[in-house]
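Subject: A structure for you to look at

Hi,

Here is the structure I promised to pass on. Please have a look at it first, and my notes on what I found follow below.

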Amino acid sequence: MQALIAFFIVGNFVSSIVEAEMNPKLGTKENIVLQTIDYCFTGIFTLELALNMFVHWWKPFVEDGWSVTVAAKSKAIPHNLRTICTGYESSCL
């Protein structure tokens, strides 16, 4: 399972590099594809985090410093949820 998550982390890193290098304008085909990939990775990471919390219950999850760090530093989830719900991506974050 950890190897699969590591694969997704590397994939997300590569897609972020591609997006940064391409810097596509909003609404273009490239932008839509890259946003869709980003949403998929965000969903996978959110599911993994929720599954980790459920399997290890609350106390062991909170006691593990790495899990708390990942959960606390993940600003992508609220940003992407706002984009999905409103259809508007703000660069103000």
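Helix α1 covers residues 2–22 and helix α2 covers residues 29–55; their axes come within 10 Å and cross at roughly 155°. Since angles over 145 degrees count as roughly antiparallel, that crossing makes α1 roughly antiparallel to α2. The crossing of α1 past α2 is left-handed.

Which residues make the contact between the two helices? On the α1 side you will find I5, F8, I9, G11, N12, S15, V18, E19 and M22. On the α2 side they are E30, L34, I37, D38, F41, I44, F45 and E48. Sorted by class, the contact of α1 with α2 has ten nonpolar, three polar and four charged residues.

Two of these residues are worth a visit while you have the model open.

The one I would pick from α2 is F41. Is F41 buried or exposed? With a relative accessible area of 13%, F41 falls under the 20% cut-off, so F41 is buried. Leaving aside neighbours within four places in sequence, F41 is in contact with F8, G11, N12 and S15. For N12, the separation from F41 is 29 residues along the chain, while their C-alpha atoms are 6.5 Å apart.

The other is M22, which lies in helix α1. M22 has a relative accessible area of 42%, and because that value sits between the 20% and 50% limits, M22 is partly exposed. If residues up to four places away in sequence are not counted, M22 touches E30 and L34.

From there, please step on to N23, in the loop between α1 and α2. What is the phi of N23? N23 has a phi near 45°, a positive value in a residue other than glycine. N23 counts as exposed, because its relative accessibility is 60% and the cut-off is over 50%.

Now for the chain as a whole. The chain has five helices and zero strands, in the order α-α-α-α-α along the sequence. There are 93 residues in the chain, and 19% of them count as buried. If you take the contacts between residues at least 6 apart in sequence, 43% join residues at least 24 apart.

A word on confidence before you go further. The average pLDDT of the chain is 75, with 63% of the residues scoring at least 70. Where pLDDT is low, the predicted coordinates should not be read in detail.

Best wishes

Notes
Residues numbered from 1 in each chain as written. Predicted model: local features only at pLDDT ≥ 70, side-chain atom pairs only at ≥ 80, totals over all residues. Heavy atoms only, no water. Axes fitted to C-alpha atoms, helices over the stretch in contact; angles between N-to-C directions. Helix = DSSP H or I, 4+ residues; strand = E, 2+ residues; numbered from the N terminus. Parallel < 35°, antiparallel > 145°, perpendicular 65-115°, else oblique. Left-handed = near helix turned anticlockwise from the far one by under 90°. Contact = heavy atoms within 4.5 Å. Nonpolar A, V, L, I, M, F, W, Y, C, P; charged D, E, K, R; others polar. pLDDT = per-residue confidence, 0-100. Buried < 20%, exposed > 50% of the residue type's maximum accessible area, 1.4 Å probe, protein only.
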